[in-house]
Each structure stands twice: as C-alpha cells, then as structure tokens.
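Subject: Structure handover

Hi,

Here is the structure for you to look over. My notes on it follow below.

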Amino acid sequence: MNPLFADIFSIAKFVFDFILFFILGPGVLIYAFYKVIIRGSLRRFFLYEKRDSIVHRLDPRAKILWAITLTTLAAILENIYVLAALFLWSVVMWILAKPPKEKLITAFVLLLPIPVNAVFYQGIRYGYDFWHHSFIYPVTPVYVMHPALDYILGGHIITVEGMWYGAFQSLRILVAASTGLLLAVTTAPNALLLGLSDFLRIKDRHIGLPYVLSFAVVIGIRLIPTMFEDANIVINAARVRGLTLQVVKSRNPIKVAKALGRATRYFLYMIVPLIVSSLRRGSNMAIAADLRAFRAKPYRTYLIERKFSRLDWAFTIVTLIVWILGWVYAYMGGAATPGFIL
Amino acid sequence: MNTTVLRVENLWYKYPRGDKWALKDINLKVDKGEFVVLTGPSGCGKSTLALTIVGYIPHVIERGVMKGNVYVKGVNTKEKELHELTQLVGIVLQNPEDQLFALTVEEDVAFGPENLALPKEEIRRRIDKAMKDAGVWEIREKEIFALSGGQKQRTAIAGILAMEPEILIFDEPTSDLDPQGAYAVLSVISEIQRKRDVTVVLIEHRLDEVSKYADRIVLMEEGRIVVDAEPHEAYKELDRFLRLGVRPPQVSEAVYKYNGGAVEGPVPISLEEAEKYFLSLLGDRPRYPGTLRDEEAKRGEPIVSFQDVWVRYPDGTVAVKGVSLDIYRGEMVAIIGKNGSGKSTLLSLTAGLNKPWKGKAYVAGLDVSTATTRDLVQHVGYVFQNPDHQLFTNSVEDELAFGPRNFNVPEDEVKRRVEEALDMLELREMRHMHPQALSRGQRRRLAVASVLTMYPEILVLDEPTTGQDWGHSVMLMELAKKLNRERGMTVIFITHDMRIVAEYAERVVLMHMGKLIMDTGPRAVFNSEEILKYNIYPPYITQLSHRVFEDRPPVLRVEEFIEGVRKARGGAA
C-alpha cells in the first residue's frame, strides 16, 4: 500500500485538502467571475462613462505618465512597504474617481485572483525543492497539506516566507493592473488614444504613438456596436433557415463530440457573412478615409487642445518627484535586480 | 461667364482583373455652380465615374486600365496627389456607417482638416461652418452611435464640407435612409449648393425628389452616357429611363405616357408643373370619372394573429405597445412607419426572433410564446434587408438547399426544390457560382429564393427595396406578387417606398412609436389626411390627382390617372 495513504485519516486529510484547495478555492473565484460576466457588468465595465471627478478631469497624458511611473517603480523596487504604498496610491485614486459601486465590485473581482493565486502558489512553492521534498531555506509553515498534493500542486506546505513573496509579486502586478484599469475607466477612449498620439507638441510636431495605431483602435471602438448588430442579424438569419446552436445536456461522450462538431460547423457558417460584410465595409471605409486625406501628411494637427491645467501640473510634478525618488532609492540598493538598472 | 470646373474627356476604364470596360468613352463638362444628377441602373458605372473624378482611380486603384483624362479645375487628376484633390472635390457615400471615423460628431467633422494638418483655428472655423451648413450643429457633441441614419449621413456631409471642396459628389446618399432622413439630407444638399455656390454631382436612381434641383440629368447605360440634358428635355426620352429600371419622376411619367411618348415642349418635372399641364388640358378641375375603391379584403382564416401584443427588449425599451392585428391567408400586406416605429420588431415575432412580453401572438396556429423558431420558420419565410447577412454557403445551389437540409428534408426532395427555385428566380446559369460573386440584385434574389425552398406559407420581407434601384425593387415585388397570386402565399412586407405600397399592397398597416395607427386599404390610407401627421406622403401620382381632380380621387397608378384624364376630356368634348 502506498505509504501516503496508509490510514483512513490520511485519506480523509487528502480529500479535505483536495476539496479545499482544488475545488472550493478556485470555485469561489470562478463563481465570482461568472457572476460578474453574467450580470453583464464586465462588458459595461470597459465602457467609458462620462462622470465628473477630479480623476476624470485630469489630462489623459498626466494619467498615462502616472500609470507608467507606478508600474515601472513597482517592477524595479524590492521593498514591500514601498510597493504597498504605490498600490495604496492607486486605491486612493480609485476612491477619488467616485466610480459606481458596480464598477468597484467588478474591478475587485477582476483583480482578486492575482493576489490569491500568487500568495497561494508562492506560499507552497517558494524555496521548495520538489525532488527532495524539502526547503532550501529555513521556513515557517502555516498549513501543512496532505503530502500527495505535492504531485498535483508542486508543494504541500504553505509557508510564511512564500506568502510574503507571493504578496510581493502580486503587489507588483496589482499596481500595474489597477493603474491601467483606472486609466481605462476614467478616460474617454479617444482622448486616451489621442493623448498617446499627441503626447508632446514641439511647435507643429507631435511626439507620441503613430497616429495610424490610435486611429485603428478608435475605429475598432466605434464599430463595436455595429459589429454586435451585424452578428445579431446573422444569428437570426441563420435561425430562420433552421440553423441554431443547440445546447446538449448529456454526458455521453459521443453525443458531446457530435454536439461539438455541430457547434464548430455553426460558427464556421456564422463567420462567412460576418467577414463578408466586414470586408465590404472595410473597403468602403478605406475609400472614405483616403478621400478625407487620411495619412496625407507626415504629421497631422488636432482640434482638441490638450491644455495642462494647474491640477495636471501639480499631479504630474508629484508623479515625477515620486519617480525620481524611486530611482534614487533603486540606486541606493532598493532595486530588485541591480543588473537591470546598470 | 461660366467656368468649367469638371471636364471628363474620352474616358475609358477597366478594373484590374475586369473583363469589361466599366466606363466607355465618357465625355462630360460641368460648370461652376451646376447641379448635375447622374443616374442609371446598378452596375452602369456611375460610382466608377465618381471614383475617377475624385481621383481614387487611378491613385489608389492603380492597376486598372484608364484611357482619357479627367480635369478638375483644369488640373489633370493623374498629375495631382490624392490629398490635394480632396480639397477640390469631395464625395459622400451611400452608407453613412462606412464614412465616420471618430466617436463624436464634432471630432468626426474635424478628421479631414486634421489630416491636412491645418492650424487649429482654421479647423475650428471650417468645422463650425460645416456643421451649421449640414444641420448637425445642435448635435455636435453627440456620440456617433447614438445618431439616426439621417443624422449620421449629415455628419458625413459636414465632414466633407469641412474639406471645403468646390465640387461635391453624393453617391446615392439617401438610399439607405428612411423618408424623413432622406428628406433632411436632400434639403441640406440643395441648401449647401445654393449657399456655398459649389458644384454638385448627385448620383441617384429615384428621380422624383431630385429632378427639381437639377440643372442637368445625365443617364448612364453600361458604362456610357446616353442622355445628358436639362431635366425638362431629358424626360422626353423617358422610356429609356424606364427600360433601364431607373425611376423618372412619376408626374413626368404621367405626362409622357398620356402623350404616348411624344411630348411637345418641356416635360413637367414637378407636381406644380404637372398640375398646370393637366389643368390646361382639362380646363376646370373635373370630378374623377368613375369610382376608385380598395378591393374587398380577403377574409379567410387568420394566419397571423397578434392579440394586444407588447414586446420589450432586455434593455427595457418597449418596441411594440399593445398591437392587435389579424392577417389573413393569402393577403399582401404592407407595414409602414418611420424607423423605430416597431415594424420590424412586430414582424420578428412571426419567426420567434422576439417573444411577446404581454399579450398573445399566433402564427399558423402556433403560439409564438411557446413555439421555437424552428417550429415557426416551417411556416414563415423571413428575408432580412441586407443579403450579405444571410448567405452562408459556397455556391448558389448549396445556399438554396441550406434551409431544407437543416430540416432534414429528404435529399431528392431538396434537389427538386432547388431546381424549381433556380428556374423561378432565374438563377440557373449561376448555380455553381459563389453567392458573394453575384451582383447585389442577384444576391438579393438568392436570399429570397433560399427562403422559398423551405416552402413557407407566409413570406416576410423586411425592407425589400431599401438600397436597391427601381428595376430590382419591381422585380422582387413582382415575384412576391406572383407567389401571392399563384401559390396563395401570404406576403407581409415592410417598406418606406410609398410607390411600392401603392402598386403592390392590398392592405396597409401604419405604425408609430410601437402602436398600430391605421389598418386599411392603400387607397384609404393615401386619401387620409392623418398620414401627414406621421410624415407619410402619398405617391406623387396620388398627390397629382388630388390637385387635378375636384373630388381628390385615391389614384394609385399612373395608368389610372391617365384613364381619368382621358375620360374627363372625352366627356367634356
């Protein structure tokens, strides 16, 4: 008999741990995610809503600079308290943006898996030598799972050191994700993109992302409602000709495989008219754009004057100071990988 | 003195990989400030000519064969860069959806001037003026996706105006719009021409509304210009227009046909002119000889029955509000009303694409609330507006067999139905072709044919004539009529074209804001003053007979009108 499952207790322990970490844990996350998607708030989440708040009023460029600063500092700095402070700053900005409760919940659900996964997996794997079933550093265990889980999770002892390390890693990602999301939620997409294209102006020249890129994304955003409409019509047109996507409630693998085959065929049928109508639209759009002098000149001008207000200046100066302080701290030894800076 | 701003000389053009000449020896001169209407059936080369004038050919479509020259303000289009040409000549296309590039009206209008790298103050000046001229000033901060079709098209016009070209080309700018949108767009165009003193070339195949603005009508046939004359003169060759499936003004048609094709003097082109013409023949306003009444409705068993039906969308919009309506087997019913009045939503119930929120709907005895789309479409053939959205397969044959096969109809029966449909819709020669290789009119026919192979009892056509030329519209409606007469098929169609209603509907249902307003015969509808409240105007021939005859007879067709005039004159003499 396998010594790992020598008695009933160890079997029970295995079952308990398996359910807790393998079904319940991920289950809660997946359920929350599912709830958010089903309630439709995810699709609305990324839609910019006009709102009046101090964060909405900030110039997109100030916000872009801020997001880049926080993300880079989070990537290079090693001190968990500093990372926590950066994250806190982004949280404060979220509060100042006064988003509707629904958006906050969605943001929370979207971000939650990052720290949970990182803390858990780093918690069991950090410093763990799988082949010898031992740690290469001295560790403080928090919870010891059934050893058989080694073969599933790559470790079975949750340690304080590992959890810290996980928290640390997740903070880095959290800072990037939370600043990025905030930027998307509080800035009109076209303002954001044109902010990227028109980042700096020196006389008549504009320095930033090539306009063609931001143009493509703005067009994409503009066509989303049209595409949804088209897709809806195509689905209905297929339905009235007797082609529907059937949901099969069966565990019979042959039936499931057949249903999968049908589903594939269904989507292939759908794709043809969608692509055809997009192509026709695309070629018309190309004519219309060319005839409105698209890409006629090496640079273009912009109607919307992006003026830095006092608030923008103040915010940007604070951002820059933090950026400088961060780099100074990095040179003094606070950096994660000194080689990277040199 | 008139200065020529546009000159096309001996122009021939063949598309890359094309085997036929799309343009054949085109010669055209347009003076500054002129308003030229360019017309012809689909595929006659109108749009190609427009693309050569704006320089898209040969600058972007490079590999075609182009002979001859196009001069815009004396400049040969071959010798100027495209972006320089855009400031001389601008084009507005058919579908507004395809020509808007920003998220709000103002930003979109600024797109062109920004591309030209104009200084900010200049952009501001131009777009403000353009938005005012195009009638979008009030909605300048609105987001594009929230606009109606007509507003979108006017935004597109403003975008072109902001380039400040001296020649404006409009390529069927109203054919995707409802009558309200189309009317607003046309008024804006004529106003712009007057105010800005620009030259306008309007491509259009419905000539009723546009003829009165035109200084000249240019008719094209298979790549050639066959008529180029002042409108009153151009319609002396009216049979040419009719033969090509182009719709001349109905009032001109009446005068032309009355005279058996030989009109002395100018042919009237507007209601006022035609009224004057006929009154000069008739003297006083006579009464219409005889009576015109709607045919007695066929009242067999109801095949579609709506009983206080309400439809509500998931976002909370209530699109249909308490409609009760019975449609009887074998009827031919038109549903009219402006965009957003709930017409399509109501008909979508027949195929179960929406479900009643309140009330009941029955189709061929099935309760729509519980029946599936699969059940319903065995009785209902549903044809959508745009053929591109409903062709799924790789050959005409497969497309026709697609529906029956989905219902597991035995293969030999499928084959029989396919053969039958190939003949009925004259698609036999194209049976192995890819649906997307067909012309738009053929694709439209295929879309209808592939629903007919499912042997429906009810045929539902959602805007069968929108975006189509008159010839193709008539062909489609004639087919529907034939199915109705010969097979007893119930036909329900949605349309904005009142001439189609007058000529094909036995019964007309008017909807407004989700409610049923009127449900009666076409003559009664067009004689009612109430329809004007809903911006529905009778066909021109009906309006003309209201003006010419004392008793406002509900004339629906040109022939009826002519007969009336003949009899009245005969009686007088």
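A helix here is a DSSP run of H or I with at least four residues, numbered from the N terminus. Pro58(B) sits in such a run, helix H2 (residues 56-59) of chain B. The peptide bond between Ile57(B) and Pro58(B) is cis, with omega at about 5°. Bear in mind that this is a predicted model.

Chain B overall

Chain B contains 22 helices and 20 strands. Its radius of gyration is 25 Å, close to the 25 Å that the globule rule gives for 573 residues, so chain B is as compact as a globular protein of that length. Along the principal axes, its C-alpha atoms fill a box of roughly 70 × 65 × 50 Å. Of the 573 residues, 53% are buried. Take the contacts in chain B with a separation of 6 or more: 69% of them are between residues 24 or more positions apart.

Helix H7 of chain B

H7(B) covers residues 179-196. At 1.5 Å a residue, its 18 residues should span 26 Å; the end C-alpha atoms lie 25 Å apart, which agrees. Which residues of H7(B) are buried? They are Gly181(B), Ala182(B), Val185(B), Val188(B), Ile189(B) and Ile192(B). These cover an arc of only 130° around the axis, which puts them on the same side of H7(B). Asp197(B) follows H7(B) and has a positive phi, near 55°.

A sheet in chain B

Four strands form an open sheet in the order E12-E11-E14-E15 (chain B), and the pairing is antiparallel. Strand E12 (318-328) and strand E15 (366-367) are the edges, each pairing on one side only. E11(B), residues 302-312, pairs with E12(B) over seven bridges. Pro302(B) has Tyr328(B) in E12(B) as its bridge partner.

Positive phi values

Asp308(B) is in strand E11 of chain B. Its phi is positive, about 45°, although Asp308(B) is not a glycine.

Lys98(A) lies in the loop between helix H5 (80-96) and helix H6 (101-111) of chain A. Its phi is near 45°, again positive in a residue other than glycine. Lys98(A) is partly exposed, with 15 other C-beta atoms within 10 Å.

Best wishes

Definitions and conventions: Residues numbered from 1 in each chain as written. Chains lettered and ligands numbered in written order. Predicted model: local features only at pLDDT ≥ 70, side-chain atom pairs only at ≥ 80, totals over all residues. Pairing = 2+ DSSP bridges. Helix = DSSP H or I, 4+ residues; strand = E, 2+ residues; numbered from the N terminus. Expected span 1.5 Å × (residues − 1). Buried ≥ 20, exposed ≤ 12 C-beta atoms within 10 Å, placed from the backbone. Arc of directions from axis to C-beta. Rg over C-alpha atoms; globule rule 2.2 N^0.38 Å. Contact = placed C-beta atoms within 7 Å.
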